[in-house]
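Okay, everyone, thanks for coming. Let me put the structure up, and then I'll walk you through a few spots in it.

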Amino acid sequence: MNELESLVDSARRAFGQAATPADLENAKAQFLGRSGRITEWMKGLSALGVDERKVQGAAINLAKQSIEQALQQRRQALADADLQAQLQAEALDVTLPGRRRGAGGLHPVSLTQERIEGIFGSMGFDVADGPEIETDWFNFTALNTPQDHPARSMHDTFYVEGGSAQAPNLLRTHTSPMQIRHAVQHVKHWRAVAGAPDPADALFGGPMPEIRVIAPGRTYRVDSDATHSPMFHQCEGLWIGRSISFKDLKFVFTDFCRTFFESDDLVLRFRPSFFPFTEPSAEIDIQFSSGPLAGRWLEVAGSGQVHPQVVRNMGLDPEQFIGFAFGMGLDRLTMLRYGVSDLRLFFDGDLRFLSQFE
Ligand code: DAH
């Protein structure tokens, strides 16, 4: 083997040992680069005579071509190997079962809210939504709450910017302001329709349709422990008509609780209480006959017959209109239904907890 042949041979070996395209380019420089071995051979030509130069030049060219060919082959081989590896890595096993997309699910408190809307909806209640930033009027004054009532203190209520010193804005402390908001809208609408000059509207000009509404939503109080969160959920209920009494409250709420908890032998107790916006007022306790909570009285709602002053603030004559209201805690109902002992779990956003309700 002459020197040029062994040069080609060592180039082949060097290329064969290059494991990556970068290695290969480095190896190439040793042979074909500006100060590579072939270039050196070329430079040597000038020292030769014409005839010798021809022969030697042709031999060098041949060696150069062989080296370039070897380089090209190795480049191709590395590219092929790379492609193979990529195909291997991306191989599809079509026999594997499909992967489902995580469908997500409703939060347990949302599930409770939907459930409540369904049950009251079936009893003819509308569902109303209202602002979480309230005025002092709707949250307290219109609900017959005296100026010096402790609930109005900074200890209990989050006051926010806006409003005036006499009528500050606040984060609603309960859903009860929705009683007033909804009733006022309802009454306004009815007056507008009943007072319309078009005789066709006389159809609507009869007695005002009853107000029958629930209003679920977020509420806020300065309070935080295992059973209280500064943000929590309530659902208000209101039924105003010409002869809606405490008896109707008892029937409606008992029916609701038995349906909600899917327990026909659930019993209710209406315990006398006080709220400024109802007279008489009662706290509603429930008792399960079986399960881990059996035999215990559990408070679920405040309620009562709507106070005449509140009926007046709705724009109605309390001599003609009467009804009941209640307010219940959605978080508490959810805890009872699913046996959750710490309220904070609802607001931590831990998927291990939340995905159990999907
Ligand atoms: N708003 C009361 C509270 O947050 C609950 C309540 C009591 C609502 C009596 C009512 C009611 O509608 O009639 O504690």
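This is a predicted model: local features need pLDDT of at least 70, side-chain atom pairs count only at pLDDT 80 or more; totals for chains, interfaces and linings use all residues.

**Helices first, then the ligand**

So, let's start with α3 and helix α4, residues 50-89: their axes cross at roughly 170 degrees and come within 10 Å of each other. Anything over 145 degrees counts as roughly antiparallel, and therefore that's what we call α3 and α4.

Helix α2 covers residues 21-32, helix α3 covers 37-44, and they pack at about 10 degrees with their axes 4 Å apart. An angle like that makes α2 roughly parallel to α3. Here Gln-30, Phe-31 and Leu-32 of α2 meet Arg-37, Ile-38 and Thr-39 of α3. That contact splits into three nonpolar residues, two polar and one charged.

Okay, on to the ligand. How many residues surround it? The count is 15, and the closest are His-174, Ser-176, Arg-221, Gln-234 and Glu-236. By class, that shell has nine polar residues, four nonpolar and two charged. Strands β6 (231-241), β9 (298-306) and β10 (322-329) each put in at least two of the shell residues.

The side chain of Glu-236 has an N or O atom 2.6 Å from a ligand oxygen. For Ser-176, a side-chain N or O atom sits 2.9 Å from a nitrogen of the ligand. On its own, the ligand has 360 Å² of accessible area, and the protein covers 90% of that.

Most residues other than glycine have a negative phi, and most peptide bonds are trans. Asn-144 isn't a glycine, yet its phi is positive, about 70 degrees. You'll find Asn-144 in the loop between α6 (136-139) and β3 (159-163). Then there's the peptide bond from Glu-279 to Pro-280, which is cis, with omega near -5 degrees. Pro-280 belongs to strand β8, residues 278-287.

That's my tour, thanks.

Methods
Residues are numbered from 1 along each chain as its sequence is written. Side-chain values use heavy atoms; hydrogens and water are left out. Axes are lines fitted to C-alpha atoms, for helices over the stretch in contact, and angles run from 0 to 180 degrees between N-to-C directions. Angles under 35 degrees count as roughly parallel, over 145 as roughly antiparallel, 65 to 115 as roughly perpendicular and the rest as oblique. Contact means heavy atoms within 4.5 Å. Ala, Val, Leu, Ile, Met, Phe, Trp, Tyr, Cys and Pro count as nonpolar, Asp, Glu, Lys and Arg as charged, and the others, Gly among them, as polar. A residue is near a molecule or strand if one of its heavy atoms lies within 4 Å of it. A polar contact is a pair of N or O atoms within 3.5 Å; within protein, one must be able to donate a hydrogen and the other to accept it, and residues adjacent in sequence count only if both atoms are side-chain atoms. Accessible areas come from the Shrake-Rupley method with a 1.4 Å probe; for residues, only the protein chains shown count as cover.
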